[in-house]
Amino acid sequence: MGDWNPAQARKRRATSAGRGASLLPANGRSAAATQSAAPAGTGGQNNERKLEYLLETVRPSAKTEKRRPRNDLSERMNCHKRQESLLSSSSGFSNYRGLLNWCVVMLVLSNARLFLENLLRYGVLVDPIQVISLFLNDPYRWPAACLLIVSNMFILVALYTERQLSKGSFSELVGFLLHCVNMAIMLTFPAAVVLLVPSVTPVGGTFALSVYTILFLKLYSYKDVNCWCRELSSIKAKKLTRALSCPAVQHADGDEPQVCYPGNLTIKDIYYFAFAPTLCYELNFPRSPSVRMSFLLRRLFEMMFFIQLLVFLTQQWMIPVIQSSMKPLEDMDLSRMTERLLRLAVPNHLLWLMFFYWFFHSSMNFTAELLRFGDRQFYNDWWNSETVTYFWQNWNIPVHKWCLRHFYKPLLRRGVSRIISQSAVFFLSAFFHEYLVSVPLRMFRLWAFTGMMVQLPLAWIVGRFLRGNYGNAAVWMSIIIGQPFTVLMYVHDYYVLNHIQEAN
């Protein structure tokens, strides 16, 4: 480098000052401010390097300022690009939350209009005294309640039989015959009482028969599990510390002692199972650590609220629609019958959804919390069902577990094909549906039985030809339309049998 020339330095300062007067560096400060911020006492070479760095910093900003109008012009000239409409399936868009909210608002408004129309046409029809009369014809005779008390006898007979089998007092054949006789009487005895005792109302009879049906399924599971325990004992099994319904699951309840066969054959154990919200027996149920009072009170409040709402909607909305449907059914007016069916579909479906929440969520969680029962999977996401089979497997988990464990898999182990086993499961379900409807009404029309058996071809059609949203829509249609059709058929036959014949 040559010697430092003061004249050249002054010239450079003048040039940089002229350029820096109108431009700012990248950090937002002027060149003069940057220069004044330099520490005092620096030499001329440092000042020269500082100015060169400042010029290099300022020059790109100037280029950017020149380029910016050109970019703005390009953006103004090109406003389109290749893209799909949001409602096209190829767009990949899936956020329809606003449309879902719109559907909910429209549903609320349309049902509010129907509710106001109902009030203006019929007035207030809610009568709590009428609800009590549905359970009791004679306030001094409670046959349905007496049937519930008698059910304890069948529980004790099952316990006594298992105790004798565990001690070897009864052979396996004798124990099997005693269980068969006990469970056969469990189904026939309450049905005979409901059919022969006039004071048993249809609602009271339905409640009593439902309890006996649940108890029948529980004791069948109780018999099977204890039989499996004896089979394990016969092959020199020293200890049984696992649940037999789910062989791979180990319960890690440190504060709960593990029960081994035959230590489970106690009154406390069988009555815990009788009240537990499950149909499948285990020696050691999963248990929750404690009872949560806030959770328990919330479920109790929901139970009380929804039972009142169910009674209110039934009296105010559903009964008037059913009564107005009798004339078209008598005249066999197809168009009016279809109109009444569609009118009945909305309140019937709302009542069914409320009953589902009341029973499978509120009531069963209340019982489970009270008994510290740990397995709370009483239902699955049946509302997303794309096939009829998936719906029946997930809307009632306790019944599905029982059918799978004690009916379907034993048939497969005996060499029965899958199709015949599935048909047998639907046949069993159809029998109990008809049992719980026809016996309390004291008439046998097989509408419920037929409705359940129709699920077999419907399941094949939906599974074969419909997929995704179309399959889910078909499942919803079968629920919304199929149930009110069955209700109308039973109500019509009951009305003809009990009112028209009495009038004649």
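## Salt bridges

A salt bridge is a side-chain nitrogen of Lys or Arg within 4 Å of a carboxyl oxygen of Asp or Glu. In this predicted model, R113, E117 and R121 are linked in a network of such bridges. The structure holds nine salt bridges. Side chains of opposite charge can pair when their charged atoms come close.

E369 and R376 make another of these contacts. Their side chains meet in a salt bridge, 3.0 Å from N to O. E369 counts as buried, because its relative accessibility is 0% and the cut-off for buried is under 20%.

## R230 and its two partners

One partner is E162: the two form a salt bridge, and their closest N and O atoms are 2.7 Å apart. E162 lies in helix α6 (residues 143-167) and R230 in helix α8 (residues 202-234), so this pair ties together parts that are 68 residues apart in sequence. Is E162 buried or exposed? E162 is buried, with a relative accessible area of 0%. R230 counts as buried too, at 11% relative accessibility.

The other partner is E172. R230 forms a salt bridge with E172, and here the closest N and O atoms are 2.7 Å apart. This pair also links distant parts of the chain. R230 sits in helix α8, E172 in helix α7 (residues 172-196), and 58 residues separate them. E172 counts as partly exposed, at 42% relative accessibility. Take the two contacts together: R230 bridges to E162 and to E172.

## Aromatic rings

Now look at the rings. How many aromatic pairs are there? The count comes to 34 aromatic pairs. One of them joins F427 and F449. Their ring centres are 5.5 Å apart. The angle between the planes is 90°. That makes the pair edge-to-face, because planes over 60 degrees apart get that label.

Where do these two residues sit? F427 is in helix α15 (residues 418-441), and F449 is in helix α16 (residues 447-453). They are 22 residues apart, and the pair links distant parts of the chain. F427 is partly exposed, at 47% relative accessibility. F449 is partly exposed as well, with a relative accessible area of 21%. F449 is not called buried because that word is kept for values under 20%.

## Lysines over rings

Some rings have a lysine over the face. K218 lies over the face of F273, at 4.7 Å from the ring centre. K223 lies over the face of Y220, and its distance from the ring centre is 4.7 Å.

## A nonpolar surface patch

Next, the surface. Which residues form a nonpolar patch there? L86, L87, F93, Y96 and L99 do. Together they have about 500 Å² of accessible area.

Pick out Y96 in the structure above. Y96 is found in the loop between α3 (44-77) and α4 (97-122). At 33% relative accessibility, Y96 counts as partly exposed.

## Cysteines

How many disulfides does the structure hold? The number is zero. C103 is partly exposed, with a relative accessible area of 40%. C180 counts as partly exposed, at 33% relative accessibility.

Definitions and conventions
Residues numbered from 1 in each chain as written. Predicted model: local features only at pLDDT ≥ 70, side-chain atom pairs only at ≥ 80, totals over all residues. Heavy atoms only, no water. Phe/Tyr/Trp six-rings, centres within 6.5 Å; stacked < 30°, edge-to-face > 60°. Helix = DSSP H or I, 4+ residues; strand = E, 2+ residues; numbered from the N terminus. Buried < 20%, exposed > 50% of the residue type's maximum accessible area, 1.4 Å probe, protein only. Lys NZ or Arg CZ within 6 Å of the ring centre and 35° of its normal. Patch = residues over 30% accessible without salt bridge, like charges linked within 9 Å, V, L, I, M, F, W, Y side chains within 5 Å. Areas by Shrake-Rupley, 256 points an atom, 1.4 Å probe, with all protein chains shown as cover. Disulfide = S-S within 2.5 Å.
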